[in-house]
Amino acid sequence: MSEEKRDRFKRWLESGEAHLHPLTFPQRELWEASPAPVTDVSNHICCIINVRGVMSRRDCLASLQRVVDRQEVLRLSFLPGKNGPIQLVRKRIAPAINFRDLSPQTRPEEIEELARQIFYEPFDLLQGPLYRVEALRRAPDDQVLVFAIHHAIADGWTLGVFVQDLCAAYIQESIGTRKELGPVTTPYVAWGTAERAFWQVAELQPRIAFWKSHLAGTRRFWSTAEQFNIVFVPRRLVFHLGAEICSAVRELARRNGVTLFSTLLAAFQVTLSRWTGEDDIVVGTPVANRTKQDVRETMGYFSGIVPLRGQVERDRPFSEHLRVVHQTTVDSFANAMPFAELARALEDRPTAKRNPIFEVRFALQNHPVPDVEIRGLSLKLRMRSTGTPRFDLGCEITEQGDNLEVVWLFRESLFSQLEIEELDRLFRRVLENVCCLPEGRTVAVAT
């Protein structure tokens, strides 16, 4: 750190312009339990917000300022400390937004390419801010907000909160009120303080015992020893499951008294078992950690990770496999704990070539992603990256009305596009078969 920056931070702290706070548990996970360096651009969460209707530069800038004033993570950066990085939160900071006029004839693929360039510009974790907005305007009533934010201060839920706050701020701005957006009930730093107070040794020890027993004897799907030039930004392929198969999957879940998540996970385990030849399947799945109402309007990195282990017995009926998966999932969620603490307890440290505990991610995204219409303005948010580079392979499923969007994320150093396309076809076939023959043996439904 330069002497100039050191003096500036010192002045901020002495004047009360900024305050220091320890990392939250999810933030520690990025520094302590991820194979990707925190500074790597693969940690950026990225989305596109399509805006139809007139939003002037002045209104956009003023609205974003109101959101920045309300959400402290948009004023947050990280300083090096004696025992690791610490959060620095400033009281006031200008919004990080740029404006760019485009030709009305600019094609969607050209906008996507511009967005990718914006998404993967590195952030300065020391200086901040750790987000950026670029407004690309094709016409006065047609613009795209490209939004990138570092995973250290955000998760998928955060994007929906951002859109809702931006719309609320725009309404205030358009009617000319000077009143600020109301403060969030629980700021991010306050939540982190409460979490540290809760996760004491007495709370952690029984959960650690559960995981040591539950994960004993697991092994990796594939060797990563041949990976020399690690690229952490995963390749992304998007597919869709239509209303007919989705309706059948939901009905299968209902008949068996289990969740849609458990049903999709059980089918995914069978798929992965057939694809890899392994019967012992461990995946990591995200949990929102926003069960309490008071944090649902707060931007920040709240989400955690729960390992889910499943044994695929090929002669067992799928319906029985489904019930076992559901109960195991319930037990695993009941013993969820901060992933950084879990990796430390299991003495499983990350390397550039491997993530602790699991290398496959499976997720059913259920965080709210609102499409908003207000005062002649509509905003539609579309994800482009979840900022989770730690795995070799990921399957992220999102409900879209009656349909399901299936996004496959994978390292191109390990898998080809053709292999992932075949994996998607296999997953689709397994879902179709288990809906038709839920009592069929798992070895049969995967053929």
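**Stop 1: the largest cavity**

Select Met55, Ser56, Arg57, Phe99, Arg100, Asp101, Ala135, Arg137 and Gln143, which line the largest cavity. By class, this lining holds 3 nonpolar, 2 polar and 4 charged residues. Ala, Val, Leu, Ile, Met, Phe, Trp, Tyr, Cys and Pro count as nonpolar; Asp, Glu, Lys and Arg count as charged; the others, Gly among them, count as polar.

The model is predicted: local features need pLDDT of at least 70, side-chain atom pairs count only at pLDDT 80 or more, and totals for chains, interfaces and linings use all residues. Residues are numbered from 1 along each chain as its sequence is written, and side-chain values use heavy atoms, with hydrogens and water left out.

The space in the largest cavity is about 50 Å³. The search runs on a 1 Å grid over the protein atoms alone: a cavity is a set of points where a 1.4 Å probe fits but cannot get out, a pocket is an open set with protein on both sides within 12 Å along at least five of seven lines, and lining residues have an atom within 4 Å of a point. Grid points are joined across faces, edges and corners, and a volume is the space filled by probe spheres set on the points.

Now colour strand E5 (97–101) and strand E6 (131–139). Each supplies at least two residues of this lining. E5 gives the largest share, 3 residues. Helices (H or I, at least four residues) and strands (E, at least two) are DSSP runs, numbered from the N terminus.

**Stop 2: the sheet that holds E5**

Stay on E5 and show its sheet. This open sheet has 6 strands in the order E5-E6-E7-E2-E13-E12, with mixed pairing. Two strands pair if DSSP finds at least two bridges between them. E5 and strand E12 (371–374) stand at the edges with a single partner strand each, so one side of each has no neighbour in the sheet. On average, neighbouring strands here are turned by 20° against each other, direction ignored.

E12 and strand E13 (residues 377–386) pair in the antiparallel sense over 4 bridges. Pick Glu373: its bridge partner in E13 is Ser378.

**Stop 3: the pocket along E13**

Keep E13 selected. It gives the most to the lining of the second largest pocket, 6 residues. The pocket has a volume of about 450 Å³. Of its 20 lining residues, Arg382, Met383, Thr398, Gln400 and Glu405 lie nearest its centre. Strand E8 (235–241), E13, strand E14 (393–400) and strand E15 (403–410) are the elements that give two or more residues to this lining. The lining counts 6 nonpolar, 7 polar and 7 charged residues.

**Stop 4: the three-stranded sheet**

Select E1, E4 and E3. These 3 strands form an open sheet in the order E1-E4-E3, with antiparallel pairing. Strand E1 (18–21) and strand E3 (76–79) are at the edges, each with a single partner strand, so one side of each is left without a neighbour in the sheet. Neighbouring strands are turned by 30° against each other on average, direction ignored. E1 pairs with strand E4 (residues 86–90) over 4 bridges. Click Leu20: Leu88 is its bridge partner in E4.

**Stop 5: H8 against H9**

Move to helix H8 (residues 243–256) and H9. Their axes come within 9 Å and cross at roughly 110°. Axes are lines fitted to C-alpha atoms, for helices over the stretch in contact, and angles run from 0 to 180 degrees between N-to-C directions. H8 and H9 are therefore roughly perpendicular to each other; angles under 35 degrees count as roughly parallel, over 145 as roughly antiparallel, 65 to 115 as roughly perpendicular and the rest as oblique.

Show side chains. Val249, Arg250, Leu252 and Ala253 in H8 meet Leu260, Thr263 and Leu264 in H9, with contact meaning heavy atoms within 4.5 Å. This contact has 5 nonpolar, 1 polar and 1 charged residues.

**Stop 6: the second largest cavity**

Leu265, Gln269, Leu308, Arg309, Val325, Thr328, Thr329 and Ser332 line the second largest cavity. Helix H9 (260–276), strand E10 (304–311) and helix H10 (318–334) each give two or more residues to this lining. H10 gives the most, 4 residues. The volume is about 40 Å³.

**Stop 7: two backbone details**

Find Pro129 in the loop between helix H4 (108–119) and E6. A cis peptide bond joins Gly128 and Pro129, with omega about -10°. Finish at Asn289, in the loop between strand E9 (280–287) and E10. Asn289 has a positive phi of about 60° although it is not a glycine.
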